[in-house]
Amino acid sequence: MHIDIITLFPDMVQNYFEHSIMKRAQAKQLATINVINLRDYSANKHKKVDDYPFGGGAGMVMSIEPIAACINALKAQRTYDEIIFLTPDGEVFNQPTANRFSSYKNIILLCGHYKGIDERARELFVTKELSIGDYVLTGGELAACVVADAIIRVMPGVLNDETSALSDSFQDNLLSPPVYTRPANYMGHQIPEVLLSGHPIKIADWRHEQALQRTQARRPDLLK
Ligand code: ADE
């Protein structure tokens with residue numbers, strides 16, 4: 001999968017993908033992440049990318065021209081499955097969406113800043129609007145990292161058996177069961193006996209029961 005991330009703050013985004021599983025996915029050539037500085041597409045001599053809102057009001061609005069120039073340049077090179085704008089008024093991103101997008105070949109993630117982007121850029125170029133939750137961030141960069149990470153980690157071959165996404169919370173609409181590592185006894189706090197039993201079926205049953213209990217207690221909405 002190829003992901004183009006358009007942002008005014010490329011360093012904020014670039015760094016995230018240079019570590020851990022995101023780095024490994026790129027090294028294995030399963031994903032390519034291309035971070036693009038929107039300012040490079042400003043025709044303005046001061047590299048301006050925003051302007052005052054028509055009708056007045058607080059904050060600046062990102063202009064359509066650099067966004068259009070950037071997306072048109074990208075579209076000349078690839079066909080995109082989805083051009084995604086990260087915005088708090090978008091559809092709330094979740095695991096099923098991540099799973100579905102993981103089969104895509106090319107996507108663009110467009111990060112907004114300031115008061116937002118000119119509505120015409122949304123109408124003319126954006127095919128999907130995603131929010132990562134009901135709160136407002138300073139910009140779309142964190143949201144783009146969240147969305148790209150969640151998509152990449154479920155792509156075939158990215159995780160190995162040990163880190164398999166199949167046991168993640170939400171994959172079966174259940175939260176994950178508790179996990180433990182050595183020591184088995186920490187200052188009198190003993191791990192559940194069954195995990196030392198060496199009995200795979202008993203352990204699997206215990207984990208499933210724990211996952212159910214945890215989901216019932218914390219996120220009963222997932223069980224409906
Ligand atoms: N940009 C600002 N807040 C956001 C959010 N909650 N989700 C996605 N993009 C955003």
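**Exercise 1. The span of helix H7**

How many residues does helix H7 have, and how far does H7 reach from its first C-alpha to its last?

*Solution.* This is a predicted model, in which local features need pLDDT of at least 70 and side-chain atom pairs count only at pLDDT 80 or more, while totals for chains, interfaces and linings use all residues. Residues are numbered from 1 along each chain as its sequence is written, and side-chain values use heavy atoms, with hydrogens and water left out.

Step 1: helices are DSSP runs of H or I with at least four residues, strands are runs of E with at least two, and both are numbered from the N terminus. Step 2: helix H7 covers residues 200–218 and has 19 residues. Step 3: the expected span of a helix is 1.5 Å times one less than its number of residues. Step 4: H7 reaches 26 Å from its first C-alpha to its last, which is close to the expected 27 Å.

**Exercise 2. The faces of H7 and H2**

Determine which residues of H7 and H2 are buried, and where they lie around each helix axis.

*Solution.* Step 1: a residue is buried under 20% relative accessible area, exposed over 50%, and partly exposed in between, with a 1.4 Å probe and protein chains only. Step 2: in H7 the buried residues are Ile-203, Trp-206, Ala-211 and Thr-215. Step 3: seen down the axis of H7, these residues fall within an arc of 165°, so they line one face of the helix; the arc is that of the directions from the helix axis to the C-beta atoms. Step 4: Ile-201, Asp-205 and Ala-217 are exposed on the other side of H7.

Step 5: in H2, the buried residues are Ile-21, Met-22 and Ala-25. They cover an arc of only 105° around the axis, which puts them on the same side of H2. Step 6: the face of H2 turned away from its buried side carries the exposed residues Ser-20, Lys-23 and Ala-27.

**Exercise 3. The surroundings of the ligand**

Describe the shell of residues around the ligand, beginning with the residues that come nearest.

*Solution.* Step 1: a residue is near a molecule if one of its heavy atoms lies within 4 Å of it. There are 13 residues around the ligand, and of these Thr-87, Ile-132, Gly-133, Tyr-135 and Leu-137 come nearest.

Step 2: a polar contact is a pair of N or O atoms within 3.5 Å; within protein, one must be able to donate a hydrogen and the other to accept it, and residues adjacent in sequence count only if both atoms are side-chain atoms. A backbone N or O atom of Thr-87 lies 3.2 Å from a nitrogen atom of the ligand. For Tyr-135, a polar backbone atom is 2.8 Å from a ligand nitrogen, and for Leu-137 the corresponding distance to a nitrogen atom of the ligand is 2.9 Å.

Step 3: on its own the ligand has 260 Å² of accessible area, and the protein covers 97% of it; such areas come from the Shrake-Rupley method with a 1.4 Å probe, and for residues only the protein chains shown count as cover.

Step 4: strand S5 (82–92) and strand S7 (128–131) are the elements that give two or more residues to the shell, and the largest share, 3 residues, comes from S5.

Step 5: the shell divides into 8 nonpolar, 5 polar and no charged residues, where Ala, Val, Leu, Ile, Met, Phe, Trp, Tyr, Cys and Pro count as nonpolar, Asp, Glu, Lys and Arg as charged, and the others, Gly among them, as polar.

**Exercise 4. Backbone geometry to check**

Identify the peptide bond that is cis and the residues, other than glycine, with a positive phi.

*Solution.* Step 1: most residues other than glycine have a negative phi, and most peptide bonds are trans. Step 2: a cis peptide bond, with omega about 5°, joins Arg-182 and Pro-183, and Pro-183 lies in the loop between helix H6 (141–153) and strand S8 (185–186).

Step 3: Ser-20 has a positive phi, near 55°; Ser-20 is found in helix H2 (residues 20–27) and is exposed, with a relative accessible area of 60%. Step 4: Asn-173 has a positive phi near 65°, is found in the loop between H6 and S8, and counts as partly exposed at 40% relative accessibility.
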